[in-house]
Amino acid sequence: MNIQIENTWKEQLKDEFKKEYFTKLVSFVKQEYTNNTIYPPGKEILRAFDMCSFDKVKVVIIGQDPYHGKGQANGLCFSVRENVKKPPSLLNIFKEIKSDIGTEIPDNGDLERWAKQGVLLLNATLTVRASMAGSHQNKGWENFTDAVIKAISDKKENIVFLLWGSYAQRKGTVIDTTKHNVLKSTHPSPLSAYRGFLGCKHFSKTNIFLKNNNQTKIIW
């Protein structure tokens, strides 16, 4: 099976593509795109990897599902297309950045600029049916994204993992905390942001850690 994924990731994950669960997952996803409205567009399923090669990863942000509203999901967790209204969680992320480091809230919510600087914006599940949150959970994507996180943890050093909310924190159990910086808070959703996300200062903390490890900071 020829998976169209960025070359450095293809090398890191080549064994994963041979596993039975992944073959079943690909078959399921193809069938779903044929029979239903699925987000993101097919060519953007693996966009997080295309925008941020394995070699360039410095920061990992873990989301759950792609957005399930029309035109929102663009293959990067928490990100939306340029002309799409910012969802509440993303707006809270921008509010925390402004409070933390003073950067004004941008006009659009496309986080491609972060990805190009070495931020892997990884959803745990990479596809979803329109208007059906969680509809592609437990089909195999979680196994795949666990393997992604473990590859980063095992083969790289001094990565900052931002784990927002209990779901992301559970995904983070495969991270070696002795050689990476793991920052945790509540989720930026309006339901929980005021219980720990707002005020967490993760963006300045990330840049301090990167600087202390001789890496360029992220322009949030």
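1. Let's begin with E112 and K116, whose side chains form a salt bridge with N and O 2.8 Å apart. This is a predicted model, so please read every distance here as computed from it. K116 is exposed, at a relative accessible area of 55%, while E112 is partly exposed, at 21%.

2. What else does E112 pair with in a salt bridge? The other partner to look at is R47, with an N to O distance of 2.5 Å. This pair joins distant parts of the chain: R47 sits in helix α3 and E112 in helix α5 (residues 112–115), 65 residues apart. R47 is buried, with a relative accessible area of 11%. Taken together, R47, E112 and K116 make up a network of salt bridges.

3. A further salt bridge worth a look is E44 with R81, where the closest N and O atoms are 3.0 Å apart. Here too distant parts of the chain are linked, since E44 belongs to the loop between β1 and α3 and R81 to the loop between β2 (59–63) and α4 (88–101), 37 residues apart. In total, the model has 11 salt bridges.

4. Is E44 buried or exposed? With a relative accessible area of 10%, E44 is buried, because buried means under 20%. R81, at 29%, is partly exposed. Beyond its neighbours within four places in sequence, E44 contacts A73, N74 and G75 as well as R81.

5. Now for helix α1 (residues 7–17), where the buried residues are T8, W9, L13, E16 and F17. Viewed down the axis of α1, these buried residues lie within an arc of 155°, so they line one face of the helix. The partners that the buried residues of α1 pack against are α2 (20–35), α3, β3 (119–123) and α6 (141–155).

6. Finally, the largest nonpolar core has 65 residues. Which of its members touch the most others? They are W9, F49, I61, W114, L120, F144 and I152. For F144, leaving out residues up to four places away in sequence, the contacts are L13, E16, F17, Y21, F22, F49 and L126. Of these, L13, E16 and F17 are also among the buried residues of α1. In soluble globular proteins, nonpolar side chains tend to be buried together.

Definitions and conventions. Residues numbered from 1 in each chain as written. Predicted model: local features only at pLDDT ≥ 70, side-chain atom pairs only at ≥ 80, totals over all residues. Heavy atoms only, no water. Core = buried A, V, L, I, M, F, W, Y, C linked by side-chain atoms within 4.5 Å. Buried < 20%, exposed > 50% of the residue type's maximum accessible area, 1.4 Å probe, protein only. Contact = heavy atoms within 4.5 Å. Helix = DSSP H or I, 4+ residues; strand = E, 2+ residues; numbered from the N terminus. Arc of directions from axis to C-beta. Salt bridge = Lys/Arg side-chain N within 4 Å of Asp/Glu carboxyl O.
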